[in-house]
6 protein chains.
Amino acid sequence: MRILIVNPNTTASMTATIARAASAVAAGPTEILAATSSMGPASIEGYYDEALAVPGLLAEIAHGERNGADAAVIACFDDTGLDAARALATIPAIGICEAALVTAAFIAQRFTVVTTMERSRIPLEGLVQRYGMHGKAKVRAADIPVLSLEDPTSGAASKLRSEIARALSEDRSEAIVLGCAGMADLVSELSHEFGVPVIDGVAAAVKQAEALVALGLSTSKRGAYAYPLAKPYIGALASFAPAVLAL
Amino acid sequence: MRILIVNPNTTASMTATIARAASAVAAGPTEILAATSSMGPASIEGYYDEALAVPGLLAEIAHGERNGADAAVIACFDDTGLDAARALATIPAIGICEAALVTAAFIAQRFTVVTTMERSRIPLEGLVQRYGMHGKAKVRAADIPVLSLEDPTSGAASKLRSEIARALSEDRSEAIVLGCAGMADLVSELSHEFGVPVIDGVAAAVKQAEALVALGLSTSKRGAYAYPLAKPYIGALASFAPAVLAL
Amino acid sequence: MRILIVNPNTTASMTATIARAASAVAAGPTEILAATSSMGPASIEGYYDEALAVPGLLAEIAHGERNGADAAVIACFDDTGLDAARALATIPAIGICEAALVTAAFIAQRFTVVTTMERSRIPLEGLVQRYGMHGKAKVRAADIPVLSLEDPTSGAASKLRSEIARALSEDRSEAIVLGCAGMADLVSELSHEFGVPVIDGVAAAVKQAEALVALGLSTSKRGAYAYPLAKPYIGALASFAPAVLAL
Amino acid sequence: MRILIVNPNTTASMTATIARAASAVAAGPTEILAATSSMGPASIEGYYDEALAVPGLLAEIAHGERNGADAAVIACFDDTGLDAARALATIPAIGICEAALVTAAFIAQRFTVVTTMERSRIPLEGLVQRYGMHGKAKVRAADIPVLSLEDPTSGAASKLRSEIARALSEDRSEAIVLGCAGMADLVSELSHEFGVPVIDGVAAAVKQAEALVALGLSTSKRGAYAYPLAKPYIGALASFAPAVLAL
Amino acid sequence: MRILIVNPNTTASMTATIARAASAVAAGPTEILAATSSMGPASIEGYYDEALAVPGLLAEIAHGERNGADAAVIACFDDTGLDAARALATIPAIGICEAALVTAAFIAQRFTVVTTMERSRIPLEGLVQRYGMHGKAKVRAADIPVLSLEDPTSGAASKLRSEIARALSEDRSEAIVLGCAGMADLVSELSHEFGVPVIDGVAAAVKQAEALVALGLSTSKRGAYAYPLAKPYIGALASFAPAVLAL
Amino acid sequence: MRILIVNPNTTASMTATIARAASAVAAGPTEILAATSSMGPASIEGYYDEALAVPGLLAEIAHGERNGADAAVIACFDDTGLDAARALATIPAIGICEAALVTAAFIAQRFTVVTTMERSRIPLEGLVQRYGMHGKAKVRAADIPVLSLEDPTSGAASKLRSEIARALSEDRSEAIVLGCAGMADLVSELSHEFGVPVIDGVAAAVKQAEALVALGLSTSKRGAYAYPLAKPYIGALASFAPAVLAL
C-alpha cells in the first residue's frame, strides 16, 4: 500500500517533519510517499495562502495517483483543497483536520484544537462545524507563526504548552488536538507531559488512509465529488484542465 | 462609486450578461466595471473548477482595487474564493450567493435556490448552512450545464422553469433565488411568469456593494480577514505573493 | 424613492436622531419620511413595551404606504412587529436588527451586538438565532436606559464605550453592531475610536430598503406573509381591522 | 386554585369550547376562569391578527391576576403575546403550544402538529424551533379557517381527519398535536379513531398551570421577564402603561 | 391515581428523601408508591453506574405496573433507562431531568442545572441537547459525591450553594435546576435563599405524571417505543425476556 | 495487536458472521478475538433489548481486556453500551455505528444508513445526531427482523436491496451504510450491484481500532469517561461492582 502525503506549502523541511510522523505510525507494508508542493506559499496562514496553495496541491495529487498511490493525505490542518482533491482523484483523499477530529471523538467527549495563529482560528472553527464537532471541540490559537515551529529558538513550543495548559483548565478538555502539521513531532512529548491524549492529524490521517484502502473504499463519484468535466482552461492554469491533468 | 464585478470563469459572453444585469440595477452615480478572469475554467461546475478559478479571480480583484474600485462582487453563485478575496482586499467583497440569500430573507420566510447542475447542489447547501439560512432555503438543481444558459436552443430555460414550478408546489416556497450568475437576464420574465419574487444574485450583490460603500464600511482586518502576510511564493503562482500582488 | 422610517416608540426626539442617521446615508434621490408612533410607550425596553408598540407602528406603516412610501424601516432594534408589518404592507418592511446583522456578516466573521439594557439581551439573542447568526454574533448589554442616550450628562455613552472595549477583548470581535436605534449618531465616532467597523442598524436598513426597491422586490404574499384576512375587529383596536386599515 | 384561561380572540363561542376542554381535565379543587378578549380580531390567523390580539389578551391577564387567578393560560396555538404576558404578570403564564409540545415529547419521539391554515404553518414552525422541538415535530395545515371549526357543516373536521391520516403515513408520526384551541373538543374522538395519542393544547396547558402552582413556581423576574418599567404610554393604549395596568 | 417513583440506585435512605419530596407536591387523590431498586449500584455517578442500574429499574417498573401504578417516575437526574422503560411499560414513564428542564422553561429563558460530580456534567449536557434545551440551559457540577448529600456533615450543601451563586453571577441565570434526586429536600430553602425559582426534578416529575394520567395519555406504541418483541433472553437477565417480565 | 469484537446479542451464529467480516479486513498482524455475550437478548431490536444487552457486553469487555485485548469493538449498530464501556475499559472502545458514519463521511457528502426494523430507525437517528452527522446522513429501515438476516429464505436481503434502491433515488445518496452488524457479509456484493460505496460498520470499526492502537491512543480518563468509582453493587449484578469486575 502506498500513501501519498502532500505538504501543500512549499517548505521542504516541514515535509520532512510530516514524513517522519507519518512513517512512525504507518503499518509495516505501507510505503509513505511524501511530496512538497512546487507552487504556492511557503506556509499556510489564513484564507489567502490556503487558496493559493490549492493548485500546487492538486498537481501533486494527480501526479501521485498516476504513479500508483492508493490514497492521498493533505497535510495542512485547514484541509486545504480537500473537496477539489476528492472530485479530481479516484483514490480517497483525507484531510488531517477531519482525521484528527474524528480520532479525538473516539476517545474523548470534549477536546481542544490548539493551532498556530489567531487568523487560523476561525477557519478551523468552520471546519469543526463542517465535520459536526461543534458540540465537542473548541479551537485556540497559540499565536505562533507556522514556520517558527521549525526553529527551536523561537519559543513556539513554549507558547504551545501554555495554550494547552489553558485548554485543560479553562475548557476542561479531555484531549488535545494539535492544529498544525508542523507540530507533528511534538505529540509524544506533549502527551506524556500533560497526561491526556494528544492527537496529531498527520498520524491520524495515515491510519484513516490505510483503513479506507484496506476496506476497498474510495470517494463516491455520485454527487458532489463527480469527476471534473472536460472543458477549456486558459492562462497560467491551463495545464489543470481536467482532461489534461489526468494525462 | 465604482463597483468591480468579476466573472471568475473565463467566458466573456457570460461576463456581458452579468454586466447587463448589474448595470440595470445600479444607482445613477455607480459605475460598473466588469472583468473576466484571464486564467482558469470556462465555466464553474463543482469543487474542482471552483478551486482553479480562485487565482484568476484574485488577480482581477487586486487589479480592480489598484484601479480605484470601491467594492468587488464575485459573480459566481458558489461564492468562489470569497474568503481569500476578503483577506486580500481593502475594499469590501460580496459573493452573489450571500447577497441573494440575504435579500430573499427580507421578503420571504421560505425560498428555493434553483441552480444548474446536481454537482453544484451540495456545495450550495454548504453555503446555505454557512450563511445561517438552512431553516429557510432549499436547493434544487435543474440539470443544465452552465454554458447552455448562453444558448437559446439548449432547452435550459425550459428545464429551469420546470424546476421552479416544482419548488413552488413541492417546497411551498414563497420566493425563488436563481442559483447561477448566468441566469441573471431571466429574472424579470420568471418573476412575472410565476407571480412570486425572483432574486438574481448579481443584481442583489450590486446593491449590497453600493450599500457598504455608502455606509463607509469595509472588511474588518481584525481576525480571520487580516491582510495576507508577506512571505515567499514560488512556481507558476509566484506573482501572487502578497507583497507582489499589491504592487 | 420614498423610504418611511417609523420610530415605534413615542419619543419624537429619538425620531429626530434616527432621521438624521437615515438622511446621512440615503442616496441622492431618496426621500426619508420619518414618523413617530402616536400610541404606545415612550421607549421600548423588553417584551411588554415591544408588544404594546406594535399597533402604533402598524398604523404608521399603513398610513405611510397609502401616502406613497416605497419601503418601510422599523427603527427599533427588537425588530418590533416586523412579521405583522410584512403581512400588512405591500411595500417591503425592514427591521434594523436584521439589516445590521446582515451588513456586519458581509465584512466580519465574528461580531458583537451591544445593546442598552440587560432585559433586552435575551430578546436580541432570539433575533440573532432567527436570522441564522448565532455562530457569528454575541449580544451584550451596556446597562443603560434607552432614553439616557438622549441625555449627554447621563454617562450612557461612556458605559457603551466600556462594553465595546470588553466585546473586542473578551469576544475577540471583528466588528461592533450598535443594538439600539438611539445610538445611531455615535457610529462614526465609535468607529474611529475603536478602529473596527461599527454598524448602525438605521443606516443599514435604509440601504437595504433602497436595495429592495431598486430591485423591484417586495414581500412575497405566498405563505406566511399573505395579506391579513378581512374579519371583525372590536374594541379600542377596531380601526385595525384589515379591511378598515387599508382605507 | 384558580386558573385563568384567556381566549385572545373575541369570539365567545370559541371561549365556551375552550372552557369545556379545560374543565374536563382540571383537578377537583381547580376553578377554571375563562375570559374572552374584549378587543382585537374575531379569530387569529397569521402574524397580523396575532399582533393585534396582544393588548386585549394582556388586559385580561392583568384583570384576572388582580382578581386572584393563580396562573394564566393563553388559549391560542400561536402562543400569542406569551413573552409580554410573562413580563407583565406575577403568576405563571402558559401558552398552549408550548404545553402541547412538551406533553407530546413525554410520550412520543416524533409527532405532527396539525393546524388550521397554511399561513399559520410557518409561525408554528418558528415556535417548534423556539421550544427546541425541531428534531421531533413537524407542522401541517389542514387548510380550514379557524371559525369553520365552530360550524359542523363546514367540512372542517373532515379535512382535519385527512391531514392527520397523511401525518401518520407520510411523517410516520407517533402522536398528533391539535394545532388550534378551537379543536379542543375533538381530541377524544380523534384519539380513538386513529389509535395514537392526540394532544390538545388547552387541556395540556391547564395541567401545566396546575403543576406550576402546586410547585410554588412562577416566572423568574431576573432577566428577560423582569416587570415592565414604569414609563409614559400615550394614545389609545395609554391605559396599558405598566403603572396604570397594575391598578 | 397511583404514581410509582423508582429510585434506580439501591440506597433506601435516598428513596425516603425522594418519597418525601414527591408526597409534598402530590395532589390530594394521588398515592405515591416509592420503590428502591434491588439490584445495581448504591449511587449513580457516571455512565457505568447508569448502565448497570437499568435492569433493576425496569424490574421495578414492570412490578409497579402490574400492581396498578398509573405512571412511573425515574428518580435519577440522568433519566436512567428512560427509553427502555417507555418501550416496556404501557403506563407513561417520566424522567426527572426532562420534567425539570421543561418546568424551568415555562418560567425562565436561561437557567443552570447544578449537579453533583464533574463526571455527570457531560452526560447531562447530552440530555440538555436531547430535550432541545441547549440554547437555554447550562450544566455545572458542584463536585460532591451523590451520597454525601445524605450526610449533613459532608459540606455538600455548602458546595452546592457556592456553585448556585456562581451560576447566578457568571451564567446570569434566571432559575436553578437541582441536578440530582438527592437534592430534593433543599429546594424550598435554596429558593428563599437565592430569590430565584429553584426546580427539583422529583417534584416536577410527579406533576407531569399526574398531568399525563389526567389527560388520559400514555406512551405511543407506534414507532420507537413499540413493545419489546418476545424473544429468548439468557443468563442472569433471562427473567427480563419481554414475555417473562410482563407476567 | 489483539482486537476484541463483542457481539452484544447472544446469537453465536451472528458472531460468526461478524468475525468473518472482521478477519477479512484486519491487518496481517492483527488477531481478531470474537466474543458472544452470555447474558441478554438473542437479538437487539429497539431500546429495551439494547438496555438489557449492556451488562453482558460489559462483562465480555472486562474479560477481554484482562486477557490482553488492545481495543474493543461493540458489534451492534446501536452502539449499545458504548459510553459505559469507555468508562470501564482502559483500552479504546469503538462502536460500529460511529465507525461506519465516520468512514462514510471521508468518501461521501450525503449517505443513507439502511437498518433492519422501523423501531431501530429513531434510535439510529439519535446516534446520527450525536455524531454530528445529521446534515449528511439519513436513516431508513428495511423492515426485516435482525435474525432473518441469518436465514437465506427469509427474503431479508431482497427487502434490503429495495430499500437501498430507494435511498439512491429518493435521498440522492452517494454511499450506503449497512445499519446492522448482521449485514456484514453482504457488503461486497451490494457494493458491486449498486455501484456506490457500501460501508459495513464491523469492518470499519476494526480499522478504527487498529488505528487507535497504532497511534498509542486510548480513552481519556479526564472527564466523562473517568473510571467507575468503587462502590457497593447488589443483587444479580453485584459482580459488576467496579472493584470486582476489574479482578
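Predicted model: local features only at pLDDT ≥ 70, side-chain atom pairs only at ≥ 80, totals over all residues.
Local features need pLDDT of at least 70, side-chain atom pairs count only at pLDDT 80 or more, and totals for chains, interfaces and linings use all residues. Residues are numbered from 1 along each chain as its sequence is written, chains are lettered from A and ligands numbered from 1 in the order in which they are written, and side-chain values use heavy atoms, with hydrogens and water left out.

**Stop 1: chains A and B**

Next, show the interface. Contact means heavy atoms within 4.5 Å. The copies meet through the same surface, because 100% of the interface residues of chain A are also interface residues in chain B.

**Stop 2: pairs without contact**

Show chains A and D. No contact joins them, and their closest C-alpha atoms lie 16 Å apart. Chains B and E do not touch either; their nearest C-alpha atoms are 16 Å apart.

**Stop 3: helices in chain E**

Select residues 96-107 of chain E, helix H4, and residues 201-214 of chain E, helix H8. Helices are DSSP runs (H or I, at least four residues), numbered from the N terminus. The axes come within 8 Å and cross at roughly 85° (lines fitted to C-alpha atoms over the stretch in contact, with angles from 0 to 180 degrees between N-to-C directions). H4(E) and H8(E) are therefore roughly perpendicular to each other (65 to 115 degrees). Show the side chains. H4(E) contributes Ile96(E), Ala99(E), Ala100(E), Val102(E) and Thr103(E) to the contact. H8(E) brings Gly201(E), Val202(E), Ala204(E), Ala205(E) and Gln208(E). By class, the contact has 7 nonpolar, 3 polar and no charged residues (Ala, Val, Leu, Ile, Met, Phe, Trp, Tyr, Cys and Pro count as nonpolar, Asp, Glu, Lys and Arg as charged, and the others, Gly among them, as polar).

Definitions and conventions. Helix = DSSP H or I, 4+ residues; strand = E, 2+ residues; numbered from the N terminus. Parallel < 35°, antiparallel > 145°, perpendicular 65-115°, else oblique.
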